[in-house]
Amino acid sequence: MEPLLNLITSNALHAHWWFFFLLILAGLNFPISEDLLIITSAVMAATVVPQNLVKLFIFVYFGCYLSDWISYWIGRKLTFWLKQRRFLAKLVDNNRILKVNQFYSKYGVYTLFIGRFIPFGMRNFLFMSAGMGGMSFRKFMLVDALACLLSNSTLFLISFSLAENYPALLSLLHKMNIT
């Protein structure tokens, strides 16, 4: 574990690029937790590289935001590609796409906004289905920009505050005999 921690701390000044890259991979549906990356970047900003606080947040925000665009466009283009393949065309049922379209027409903005707060891969599914359903990319961009800013800011600030106050929290837990 110690070599891993040494590797992380020795490269901490460039961590923002790593977080951005990993978030882009998450948008491509690699099994990488967006939430864990946000928390880790906030902890690093509080403990290892406090001078990079703003840089880490900006890179994480744009990594998440662009990752969502990737998921949207995968859904948008994948539907067309599947329809062109005879043996896969059954997977893209026009009735299902119509239902998704109606769902997003009725609840689209709220679905995306609330869906942004759901962890563990559900977000990518929602973003891909928005693309499959033909939601306007402009509408998607605007709603996601606000939802991403709110969710990332909340998770980043909570994680940053907890990491920054870790010694005090640990002391409090010891006094309460919880640890």
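Student: Why does C148 count as buried?
Tutor: Buried means under 20% relative accessible area, exposed means over 50%, and partly exposed lies in between (1.4 Å probe, protein chains only). C148 has 0% relative accessibility, so C148 counts as buried. This is a predicted model, in which local features need pLDDT of at least 70 and side-chain atom pairs count only at pLDDT 80 or more, while totals for chains, interfaces and linings use all residues. Residues are numbered from 1 along each chain as its sequence is written, and side-chain values use heavy atoms, with hydrogens and water left out.

Student: How many disulfides are there, and how do you know?
Tutor: A disulfide is a pair of cysteine sulfur atoms within 2.5 Å. The search of the whole structure finds 0 of them. For C64, the nearest cysteine sulfur is that of C148, 5.0 Å away, and C64 is in no disulfide. C148 is likewise in none, its nearest cysteine sulfur being that of C64.

Student: Is C64 buried or exposed, and what makes it so?
Tutor: Its relative accessible area is 0%, so C64 is buried.

Student: What makes a set of residues a nonpolar core, and which residues have the most contacts inside the largest one?
Tutor: A nonpolar core is a set of buried Ala, Val, Leu, Ile, Met, Phe, Trp, Tyr and Cys residues joined through side-chain atoms within 4.5 Å. The largest has 22 residues, and those with the most contacts inside it are F19, M44, L56, V60, Y61, C64 and F156. At least two residues of this core come from each of helix 2 (15-27), helix 3, helix 4 (53-84) and helix 7. Another core, of 10 residues, lies apart from it, with L112, A130, M135 and V143 among them.

Student: What counts as a helix or a strand, and how many of each does the chain have?
Tutor: Helices (H or I, at least four residues) and strands (E, at least two) are DSSP runs, numbered from the N terminus. The chain comes to 8 helices and 0 strands.

Student: What makes R123 and E34 a salt bridge?
Tutor: A salt bridge is a side-chain nitrogen of Lys or Arg within 4 Å of a carboxyl oxygen of Asp or Glu. Side chains of opposite charge can pair when their charged atoms come close. For R123 and E34 the N to O distance is 2.9 Å, and the two side chains meet in a salt bridge. R123 lies in helix 6 and E34 in helix 3 (residues 34-47), so the pair ties together parts that are 89 residues apart in sequence. Both R123 and E34 are buried.

Student: Which distance applies to the salt bridge of R123 and D35?
Tutor: The N to O distance is 2.8 Å. This pair links helix 6 to helix 3, with R123 and D35 88 residues apart. D35 is buried, as is R123.

Student: What makes R116 and D144 a salt bridge?
Tutor: Their N to O distance is 3.5 Å. R116 lies in the loop between helix 5 and helix 6 and D144 in helix 7, so the pair ties together parts 28 residues apart in sequence. R116 is at 1% relative accessibility, so it counts as buried. D144 has a relative accessible area of 2%, so it is buried. Shared partners join E34, D35, D68, R116, R123 and D144 into one network of salt bridges.

Student: Why is L155 called partly exposed?
Tutor: Its relative accessible area is 23%, so L155 is partly exposed. L155 is found in helix 7 (residues 137-164).

Student: Which residues does L155 contact beyond its sequence neighbours?
Tutor: Contact means heavy atoms within 4.5 Å. Leaving aside neighbours within four places in sequence, L155 is in contact with D35, I38 and I39. The C-alpha atoms of L155 and D35 are separated by 7.8 Å, and the two residues are 120 residues apart along the chain.

Student: Is I114 buried or exposed, and how do you know?
Tutor: I114 is at 55% relative accessibility, so it counts as exposed. I114 lies in helix 5 (residues 94-115).
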